[in-house]
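Student: Got a model open here. Can you walk me through it?

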Amino acid sequence: MGEERKIKTLEDLGLSPSLLHKLSEAGFKTLEAVAVANVSELASIVGIPTPTAHRIVSKAREALGLRFKTALELKKERESIGRITTGSKKLDELLGGGIETRTITEFFGEFGSGKTNICHQLSVNVQLPPERGGLSGKAIYIDTEGTFRWERIEAMARALDLDPDEVMRNIIWARAISSDHQIAIVEEAMDVIAKENIKLLVVDSVMGLFRAEYPGRENLATRQQKLNRHLHQLARIADVYDVAVVVTNQVMARPDVFYGDPTTAVGGHVLAHAPGIRVQLRKSRGGKRIARIVDAPHLPEGEAVFIITDEGIRDIED
Ligand code: GTP
Ligand code: MG
């Protein structure tokens with residue numbers, strides 16, 4: 001173990017220069033990038049035999065401590081998880097203290113339910129110091145719908161007495177135009193995360209482009225398979241880099257469903273087969289929004305009510 005800990009970069013793995021060069025050419029430039037890679041994909045992208053790829057990925061994972069762990073190590077990891085406030089105490093309580101690092105949190109709900117507003121607010125709040133509910137970190141915002149508004153960030157930053165320009169400088173934005181592009185941006189994001197103090201990765205929305213490109217029942221299996229790989233990649237990033245990953249998913253109200261929940265994610269919940277926390281958002285009277293956690297036995301049952309104001313996400317004044 002002592003020896004493993006000395007491994008800090010890809011160069012420390014003791015690979016041949018030509019192999020290092022091949023990896024770098026194929027975009028695998030950091031230990032983390034290799035550690036989170038899928039073995040067979042790495043083999044085919046780099047053009048090396050699968051056993052070699054397996055050996056490299058294993059070494060990288062071992063160096064980063066992605067191996068068997070004791071229960072005590074798990075406990076310590078759990079205690080080191082960071083949390084980001086949403087701006088609403090009620091919503092934070094529902095989430096067990098805010099949005100967590102090392103986890104994917106999915107916000108799903110119909111149009112206008114507040115998904116994008118929450119993503120903006122978290123991108124600002126992650127920059128707050130821990131005593132104010134942040135992680136003194138930066139955010140990456142992957143925008144698939146073109147709904148990111150710097151004006152909104154500016155207003156939210158002002159409301160928190162933060163320097164708006166500084167806050168905007170710390171949010172790294174990319175617009176994805178296809179599902180393949182979205183996946184490629186996440187790959188590139190790993191380089192940025194390795195260099196900058198990124199503590200939040202937003203994908204708003206995670207599903208939109210996939211849904212548009214693979215419409216209908218006949219494409220459901222292909223779409224889901226591709227999406228699941230994407231989500232597992234996001235989950236690995238959350239874990240390896242200790243960042244909070246937040247994704248959104250627009251779902252339509254389904255009046256045709258007579259039993260169960262009338263607002264179900266068409267084609268299944270995004271995170272149905274990936275680890276994470278799912279939060280349903282609903283619009284309510286007087287501009288209120290209601291959040292509810294779905295399928296998380298470790299979190300409190302119930303709902304949280306919050307509002308979207310000019311200043312951002314807030315509790316309702318009582
Ligand atoms: P889709 O992406 O269309 O699925 O919706 P969404 O869930 O992302 O909703 P979004 O977060 O964009 O919420 C839009 C709603 O937020 C609007 O209908 C407004 O009610 C509210 N909102 C947005 N900007 C402001 C603002 O500057 N001030 C106030 N008071 N409310 C705002
Ligand atoms: Mg939105």
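Tutor: Start with the inventory. The protein chain has twelve helices and eleven strands. Helices are DSSP runs of H or I with at least four residues, strands are E runs of at least two, and both are numbered from the N terminus.

Student: What should I know about the model's origin and conventions?

Tutor: This is a predicted model: local features need pLDDT of at least 70, side-chain atom pairs count only at pLDDT 80 or more, and totals for chains, interfaces and linings use all residues. Residues are numbered from 1 along each chain as its sequence is written, chains are lettered from A and ligands numbered from 1 in the order in which they are written, and side-chain values use heavy atoms, with hydrogens and water left out.

Student: What radius of gyration does the protein chain have, and what would a compact globule have?

Tutor: The chain has 20 Å, which agrees with the value near 20 Å for a compact globule of 318 residues. The radius is taken over C-alpha atoms, and the globule rule is 2.2 Å times the number of residues to the power 0.38. Along the principal axes, the C-alpha atoms fill a box of roughly 65 × 50 × 40 Å.

Student: How much of the chain is buried?

Tutor: Buried residues account for 47% of the 318. Buried means under 20% relative accessible area, exposed over 50%, and partly exposed in between, with a 1.4 Å probe and protein chains only.

Student: And the accessible surface?

Tutor: About 15,600 Å², with 53% of that belonging to carbon and sulfur atoms. The areas come from the Shrake-Rupley method with a 1.4 Å probe; for residues, only the protein chains shown count as cover.

Student: What share of the contacts joins residues at least 24 apart?

Tutor: 66%, counted among contacts between residues at least 6 apart in sequence. Contact means heavy atoms within 4.5 Å.

Student: Let's do helices. How do α10 and α12 cross?

Tutor: Helix α10 covers residues 179-195 and helix α12 covers 220-241; their axes come within 11 Å and cross at roughly 10 degrees. The two are therefore roughly parallel to each other. Axes are lines fitted to C-alpha atoms, for helices over the stretch in contact, and angles run from 0 to 180 degrees between N-to-C directions. Under 35 degrees counts as roughly parallel, over 145 as roughly antiparallel, 65 to 115 as roughly perpendicular, and the rest as oblique.

Student: Which residues make the contact?

Tutor: On α10, they include Ile 183, Val 186, Met 190 and Ile 193. On α12, Leu 234, Ile 237 and Tyr 241 are among them. The contact residues divide into eight nonpolar, four polar and three charged. Ala, Val, Leu, Ile, Met, Phe, Trp, Tyr, Cys and Pro count as nonpolar, Asp, Glu, Lys and Arg as charged, and the others, Gly among them, as polar.

Student: Where do Ser 136 and Asp 161 sit?

Tutor: Ser 136 is in the loop between α7 (115-125) and β4 (138-143). Its relative accessible area is 40%, so Ser 136 is partly exposed. Asp 161 lies between α8 (150-159) and α9 (164-169), also in a loop. At 73% relative accessibility, Asp 161 is exposed.

Student: Where is the cis peptide bond?

Tutor: Between Asp 204 and Ser 205, with omega about -5 degrees. Ser 205 belongs to the loop between β6 (198-204) and α11 (208-213).

Student: Now Ile 81. Buried or exposed?

Tutor: Buried, at 12% relative accessibility. Ile 81 is in the loop between α5 (71-79) and β1 (83-84). Beyond neighbours within four places in sequence, Ile 81 contacts Glu 100, Thr 101 and Arg 102. Ile 81 and Ala 244 are 163 residues apart in sequence, yet 9.4 Å apart C-alpha to C-alpha.
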